[in-house]
2 protein chains.
Amino acid sequence: MWSYEPPLRAMRFVIDEVLAAPADWPQLPAHADMDADTAAAVIEEAGKFARDVLAPINGSADLEGCRWTPDGKVATPAGYRDAWRAYVDAGWPALGCAAEDGGQGLPLLLDTVLNEMLAASNHAWTMYPGLLHGAYGCLRAHASPALRERWLPGIVSGETLATMCLTEPQAGSDLGQVRTRAEPQPDGSLRITGGKIFISGGEHDLTENIVHLVLCRLPDAPAGSKGLSLALVPKILDDGSRNALRCDGIEKKMGIKGSATCVMSFEGATGWLIGEPGRGLNAMFVMMNSARLHVAMQGLGHLEAATQNALRYAHERLQSKARPAPANGLAASMTTAPRGNAAGADPIALHAPVRRILSRLQALVEGQRVLAYATAQWLDRAEQHPDAAERDRALGHVELMTPLLKAMLTGNGFLGASDALQVWGGYGYVHEYGIEQTLRDSRIAMIYEGTNEIQALDLVQRKILGDEGRRLGALLDEFAREAVACRDASERCEQGAVGAPALREFATALEDAIAGFRAGAAELATAAQADPGWPAAVAGDALHAFGLVALAWAWARSARAAARHPGDGWYAQRIVVAGHGRDWLLPELNLRLELLRSCGRELPWLVA
Amino acid sequence: MWSYEPPLRAMRFVIDEVLAAPADWPQLPAHADMDADTAAAVIEEAGKFARDVLAPINGSADLEGCRWTPDGKVATPAGYRDAWRAYVDAGWPALGCAAEDGGQGLPLLLDTVLNEMLAASNHAWTMYPGLLHGAYGCLRAHASPALRERWLPGIVSGETLATMCLTEPQAGSDLGQVRTRAEPQPDGSLRITGGKIFISGGEHDLTENIVHLVLCRLPDAPAGSKGLSLALVPKILDDGSRNALRCDGIEKKMGIKGSATCVMSFEGATGWLIGEPGRGLNAMFVMMNSARLHVAMQGLGHLEAATQNALRYAHERLQSKARPAPANGLAASMTTAPRGNAAGADPIALHAPVRRILSRLQALVEGQRVLAYATAQWLDRAEQHPDAAERDRALGHVELMTPLLKAMLTGNGFLGASDALQVWGGYGYVHEYGIEQTLRDSRIAMIYEGTNEIQALDLVQRKILGDEGRRLGALLDEFAREAVACRDASERCEQGAVGAPALREFATALEDAIAGFRAGAAELATAAQADPGWPAAVAGDALHAFGLVALAWAWARSARAAARHPGDGWYAQRIVVAGHGRDWLLPELNLRLELLRSCGRELPWLVA
């Protein structure tokens with residue numbers, strides 16, 4: 001049956017060996033106390049929580065969902081409250097919060113690893129604390145001292161949970177259409193009136209109070225997104241009375257059924273302005289990079305869970321004699337291959353189509369993990385590095401990588417879960433094997449926090465074309481250094497060592513990918529002069545292409561780190577997996593570049 | 001909200017104009033009475049049934065599911081029984097059955113069109129009659145006269161529904177592992193004992209009796225698939241008593257929740273042999289081509305429903321001002337474009353990423369419909385044509401197209417539903433908009449009736465390499481004739497007519513695709529000599545590549561038929577849509593061919 005085993009060894013490999021993140025920490029004053037062993041201990045503890053507390057209630061919560069109690073409250077599924085209590089008691093909500101706010105001040109990289117494990121083991125539960133860090137960052141940067149003093153400690157400790165109230169029926173991707181009104185009161189507070197939808201954790205029974213951050217419009221505010229302000233609106237006021245807001249309904253969703261997605265009504269509720277009038281989006285966007293990275297980790301978590309469960313099942317399930325396997329690759333590992341049964345059936349892990357699925361998933365998991373952790377590492381540098389130039393360089397990387405990771409990792413989380421589902425055959429379609437829930441749960445991450453189409457537009461229009469390729473050039477230069485490093489390492493390898501030719505292949509593939517994408521991006525900029533609408537038409541292809549270049553970098557980097565351990569089977573498999581990505585997945589780059597370059601192709605507009 | 005409008009005009013365009021199927025019927029003695037008007041009337045009536053009876057209970061049945069009544073029976077969702085009664089009263093079960101059996105003897109092409117509409121409007125309900133035609137074909141070809149006389153009339157009339165009891169817990173894709181026992185009795189009957197799983201409609205309340213076709217093993221039968229026999233086992237015996245079989249459980253599935261997927265126990269149940277001992281698979285495989293085509297139509301139906309609903313929603317939903325659109329294509333149709341609202345928001349149908357999604361879906365719907373109906377047309381010829389050579393030629397086409405359509409149309413049904421879901425944003429994830437149900441329902445078709453991976457192996461190993469490319473060559477020759485026809489038609493077009501250059505582009509693209517695939521298939525055959533496992537490793541790529549070649553043929557054929565109506569907007573849009581497929585989707589062919597040819601690439605075997 002479905003389970004989740006935190007991939008601690010793979011995570012530490014990326015953190016310590018591929019990215020050498022512990023070498024960063026002494027340079028970042030806020031994390032100067034952190035070291036590799038402490039980080040490993042944190043991750044191990046988080047892994048235990050995910051595996052032992054969250055994973056066991058993942059399937060049951062999906063069946064149970066959220067429900068209304070007879071007295072009109074929203075009850076979360078069995079086990080959710082206890083899990084939340086355990087999470088708070090262990091101090092997890094404070095992990096990424098600054099020490100001066102009562103937090104543990106750990107690097108965002110570790111918060112990112114934590115998020116991967118939480119989402120992998122129980123995405124729905126993770127929705128409740130999912131906005132904590134965002135609300136923390138928003139209040140910390142923009143709220144008045146009085147609001148910060150009143151609300152930050154409870155958010156850091158986990159005593160109070162937070163929501164983001166953005167969407168309205170007519171205002172989804174287009175937040176400029178938000179209509180919720182905020183009327184200033186003589187005492188300096190606001191009266192908030194309006195309806196919000198898709199509010200995760202708008203009502204629940206995990207904490208007594210809930211703090212809503214509500215996007216709203218002050219009187220005489222201009223139309224559009226420049227007229228939006230942000231208000232803090234608690235469920236319970238400090239005098240103990242209920243504020244004038246309520247949950248009007250819980251959505252019936254495809255997945256993450258344990259998460260209460262609420263329709264909220266604010267009927268003259270009391271709130272307070274966060275930040276400047278008309279700067280509501282600005283106040284929220286302070287945490288956009290980390291929030292999008294957080295959603296990306298949901299995609300990676302689902303892919304990891306789907307892959308490890310499919311891999312295990314494929315070794316247990318016996319069906320049909322395996323046909324002759326491709327000569328390459330299998331021969332070396334056949335000595336440890338599991339055996340078939342007396343009826344002549346082999347484990348399906350030996351069948352070529354299943355091996356294709358598992359190899360692809362594993363290559364994506366490992367490559368994407370490098371990209372996600374690297375981005376978190378850059379985010380830590382962007383926020384904490386003492387050198388302004390280094391902060392700026394790191395922020396440029398983060399700004400490019402964030403929309404890519406949000407779209408690519410969530411897309412591959414869903415598609416990977418679907419590919420994995422095939423491994424179970426008919427069993428994959430029934431609830432008890434878990435993978436169909438992974439498929440349903442993972443689907444939402446392609447939509448919220450900006451649809452993946454919007455991520456592609458952000459990447460292409462704002463991040464690549466918006467600064468005439470400055471940030472892109474810097475990141476591709478960074479990628480190109482890895483190709484040089486691979487070539488150097490391959491020359492240092494002993495003659496005939498397994499790793500040497502492989503590393504040369506990684507270097508070549510990466511160089512070709514970078515050159516291809518540089519040319520493609522330049523042509524895209526030229527095409528945009530002739531046809532300003534063209535970049536939007538091929539934004540998705542550009543994102544896919546950029547993702548493949550980034551993966552080529554990740555696979556090369558992973559292989560080079562693994563090649564330092566010749567003769568070790570676990571490390572050797574990292575090189576094989578990265579090589580699969582290079583040989584079988586990277587070829588899609590040329591297709592995407594071809595589409596990118598075909599400016600002038602007709603894009604129909606269809607009548608309904 | 002979600003609805004289903006049968007695309008009658010598009011269907012008639014394919015049947016009458018693209019495929020000129022009515023010209024076939026006079027040549028097929030069984031269908032000599034059929035003509036275009038009669039066919040149109042049948043399709044129109046079926047469309048009304050799908051739209052007015054089945055579509056309205058699609059969403060409610062998903063929420064309700066099947067349930068156990070207090071007296072231990074399986075109840076289908078509200079409306080299912082009435083719909084079944086209406087279906088029987090209208091004579092639909094008999095549509096494809098031979099006149100001598102009380103059927104209407106209509107071409108399988110029309111049965112295929114019917115199946116598309118049923119699946120599009122209510123896949124779960126369609127599961128109950130889904131095996132009727134298969135059971136009919138199996139009994140007709142293999143059952144004894146006594147069994148045929150007893151059971152065929154009820155199956156043809158719809159009085160009795162049928163199941164296929166194949167899968168057992170240890171025997172899924174590998175039916176050779178079936179263990180259910182059949183013991184001959186002195187009166188010539190069999191005693192059937194064993195457990196079956198995933199039995200669609202194993203128990204329900206639509207008909208009083210249910211006939212189970214059970215794959216089982218006679219005493220002393222050899223191990224493996226050659227030891228399998230097929231038995232007919234009714235739920236109720238002719239003396240009115242309950243047979244010794246029961247439903248032990250209903251699976252909790254991801255989708256098609258209105259369909260009761262049953263765990264069945266046979267405990268010494270009375271049955272009768274169908275066909276020869278040990279020839280059970282043979283008796284079932286008589287209907288495999290039509291059953292797989294039937295499943296393919298579920299994929300096409302879902303894609304059609306997803307596309308038409310997304311297209312409508314994209315014209316209603318207003319979000320953000322549309323960025324400048326690509327210069328080409330849009331300009332011509334902008335005159336009829338819907339307008340935005342006062343707040344500066346345009347219909348999302350005008351946004352380039354949404355247009356990419358809708359154009360891709362529409363190109364797939366239209367191209368795949370041509371392929372599916374063409375295959376049904378070939379199936380009619382294979383079964384009914386008086387000329388043996390023509391039957392053989394048509395059967396060769398069917399044998400190649402069947403695994404392709406089953407895999408490609410179901411894969412695109414699911415992936416297309418997911419692409420469409422993005423159009424709704426967050427609304428797509430909640431039940432009431434219908435698309436998330438389409439996504440869940442469509443997923444099963446990639447698994448049952450042979451997983452899509454098994455279809456790819458069948459296509460490559462048996463159908464392409466199995467006869468040294470004879471059938472493939474004949475079908476590609478057929479495809480190549482369309483390129484010639486396009487070129488001829490473009491030359492006949494008046495100078496400067498819109499269609500002429502377009503048809504030349506279709507001809508060139510099709511010729512290139514055919515040449516590329518011929519070369520790829522030849523290299524695959526060579527590679528198989530060096531590495532017998534290679535074809536299985538790239539079977540999925542080969543299937544994708546073959547599918548793109550077939551689509552290139554379908555788009556060319558569709559465009560050529562539409563080009564006969566210059567100046568007509570509806571027909572002009574067919575050319576635009578086909579052109580989108582040619583320019584934006586066909587380029588994937590080169591990627592697939594590249595993977596196909598890369599024999600020697602490592603395919604990892606991963607440890608669990």
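Reader: Let me start with one residue: what does A:Glu159 touch, not counting residues up to four places away in sequence?

Author: A:Glu159 touches A:Gly154 and A:Thr207. Contact means heavy atoms within 4.5 Å. Before we go on, this is a predicted model, in which local features need pLDDT of at least 70 and side-chain atom pairs count only at pLDDT 80 or more, while totals for chains, interfaces and linings use all residues. Residues are numbered from 1 along each chain as its sequence is written, chains are lettered from A and ligands numbered from 1 in the order in which they are written, and side-chain values use heavy atoms, with hydrogens and water left out.

Reader: Why is A:Glu159 called exposed?

Author: The relative accessible area of A:Glu159 is 57%. Exposed means over 50%, buried means under 20%, and partly exposed is in between (1.4 Å probe, protein chains only). A:Glu159 therefore counts as exposed. The residue lies in the loop between α7 (145-157) and β3 (161-165) of chain A. Helices (H or I, at least four residues) and strands (E, at least two) are DSSP runs, numbered from the N terminus.

Reader: And why is A:Ala554 called buried?

Author: Its relative accessible area is 0%, so A:Ala554 is buried. You will find A:Ala554 in helix α18 (residues 539-562) of chain A. Not counting residues up to four places away in sequence, A:Ala554 touches A:Gly367, A:Val370 and A:Leu371. A:Gly581 is 27 residues from A:Ala554 along the chain, and their C-alpha atoms are separated by 9.9 Å.

Reader: What makes B:Glu594 partly exposed?

Author: B:Glu594 has 33% relative accessibility, so it counts as partly exposed. B:Glu594 belongs to helix α20 (residues 588-597) of chain B. Leaving aside its neighbours within four places in sequence, B:Glu594 is in contact with A:Pro587 and B:Arg601.

Reader: Which residues have a positive phi although they are not glycine?

Author: A:Asp220 is one of them, with a phi of about 65 degrees. A:Ile256 has a positive phi too, of about 35 degrees. A:Asp220 is found in the loop between β6 (210-217) and β7 (228-234) of chain A, and A:Ile256 in the loop between β8 (245-250) and β9 (261-274).

Reader: Are those two buried or exposed?

Author: A:Asp220 is exposed, because its relative accessible area is 80%. A:Ile256, at 2%, is buried.

Reader: How do you know that helix α13 of chain B is largely enclosed by the rest of the structure?

Author: Count its buried residues: 9 of the 9 residues of this helix (residues 435-443) are buried, so α13 of chain B is largely enclosed. Among the buried residues are B:Ile435, B:Leu439 and B:Arg443. The cover comes from both chains: it includes α12 (388-424) and α13 (435-443) of chain A, together with α3 (58-64), α5 (108-130), α9 (288-316) and α12 (388-424) of chain B.

Reader: Now the whole chain. Why does the radius of gyration of chain A agree with that of a compact globule?

Author: The radius of gyration is taken over C-alpha atoms, and the globule rule is 2.2 Å times the number of residues to the power 0.38. With 608 residues, the rule gives a value near 25 Å, and chain A has 25 Å, so the two agree. The C-alpha trace of chain A spans about 80 × 60 × 60 Å along its principal axes. Chain A has 20 helices and 9 strands, and 64% of its 608 residues are buried.

Reader: How do you know that chains A and B are related by a two-fold axis?

Author: Copies are superposed by least squares on the C-alpha atoms of residues with pLDDT of at least 70 in both. A rotation of 180 degrees with 0.0 Å of shift along its axis superposes chain A on chain B, with an RMSD of 0.0 Å. That is the relation of a two-fold axis. Of the residues of chain A, A:Leu591 comes closest to the rotation axis, at 3.3 Å (C-alpha).

Reader: What makes you say that the copies meet through the same surface?

Author: Of the interface residues of chain A, 100% are also interface residues in chain B, so the copies meet through the same surface.
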